[in-house]
Amino acid sequence: MKYSLELAAATRPEWTQTVMSDFPAFLRDHADCERKASAMAMSFVAKYPDRTEIIPELIETGVEELEHFRQVYAHMAKRGIRLAREIAEDPYIKKLVDLCRTDPLHRFLDRLLLASIIECRGAERFRLVCNAIENDAELKEFYHHLWTSEAKHGNIFVKMALTYFDEGNVYPRLKELNEAEGRIVETLKLRPALH
Ligand SMILES: [Fe+2]
Ligand SMILES: [Fe+2]
């Protein structure tokens, strides 16, 4: 069952061209993103230890993201690509976090909904990468697998939100954040990176 909403703005073809023109750089950024996604899932566990209903799924998501990191790193190692030495701040994530409301309850909801949107954007972009890969069946298959896995995560975080908030609170806010994310994505400088 699908819980997430469609993204408000589709990624432009120029993004895919930028990524495909420097795939080693994209892989380095992608590995960082998976590691940070795992850390984000676990940060929910650390910040909201009393939300016991969602802890098992958060742990499972954290493990899956770490597994993605392991897999991306294996593709990198095979190609002689090192992990990035310095991890620059992700302007996309920073701008999204700025959208969170400040009172604890609404902040919790916004963080869950943004996590869903980040996962949906990842799914969309891995699908674009998958479709653009030629002459490497293994890598193409890998991005196909990731695209479906991130789409599943996109639904999980909305489902978690619905555990604590009713639909009338969740979906209008999700639509609002989706639209804001669409505007952010369009202002970002194109880089061979996930965002
Ligand atoms: Fe992932
Ligand atoms: Fe994910």
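**Aromatic residues, metal site and helix packing**

1. Tyr 143 counts as buried, since its relative accessibility is 0%; buried means under 20% relative accessible area and exposed over 50%, with partly exposed in between (1.4 Å probe, protein chains only). Phe 142 is buried as well, at 6% relative accessibility.

2. This is a predicted model, in which local features need pLDDT of at least 70 and side-chain atom pairs count only at pLDDT 80 or more, while totals for chains, interfaces and linings use all residues. Residues are numbered from 1 along each chain as its sequence is written, chains are lettered from A and ligands numbered from 1 in the order in which they are written, and side-chain values use heavy atoms, with hydrogens and water left out.

3. The whole structure contains 11 aromatic pairs; rings of Phe, Tyr and Trp (its six-membered ring) pair if their centres lie within 6.5 Å, and planes under 30 degrees apart count as stacked, over 60 as edge-to-face and the rest as tilted. Tyr 48 and Phe 108 form a tilted pair, with 4.5 Å centre to centre and 50 degrees between the planes. Tyr 48 lies in the loop between α2 and α3 (55-78), and Phe 108, 60 residues apart from it, lies in helix α5. Helices are DSSP runs (H or I, at least four residues), numbered from the N terminus. Both Tyr 48 and Phe 108 are buried. The rings of Phe 142 and Tyr 143 are edge-to-face, because their planes stand at 70 degrees, with centres 5.3 Å apart.

4. The iron ion (ligand 2) is coordinated by Glu 65 (OE), Glu 119 (OE), Glu 150 (OE) and His 153 (ND1), at 1.8 to 2.2 Å. Donors are N, O and S atoms within 2.8 Å of the metal (3.2 Å for Na, K and Ca); water is not among the atoms, so sites may look incomplete. The 4 donor atoms subtend angles of 91 to 134 degrees, and the arrangement is therefore tetrahedral, a term that requires all angles of four donors to lie between 85 and 135 degrees. Glu 65 coordinates both this ion and the iron ion (ligand 1), the two being 3.5 Å apart.

5. Glu 150 and His 153 both belong to helix α6 (residues 137-164), 3 residues apart, about one turn of the helix. Glu 150 is buried, with a relative accessible area of 4%, and His 153 is buried at 0%.

Key:
Tetrahedral: all angles 85-135°; square planar, octahedral: opposite > 155°, others 65-115°. Helix = DSSP H or I, 4+ residues; strand = E, 2+ residues; numbered from the N terminus.
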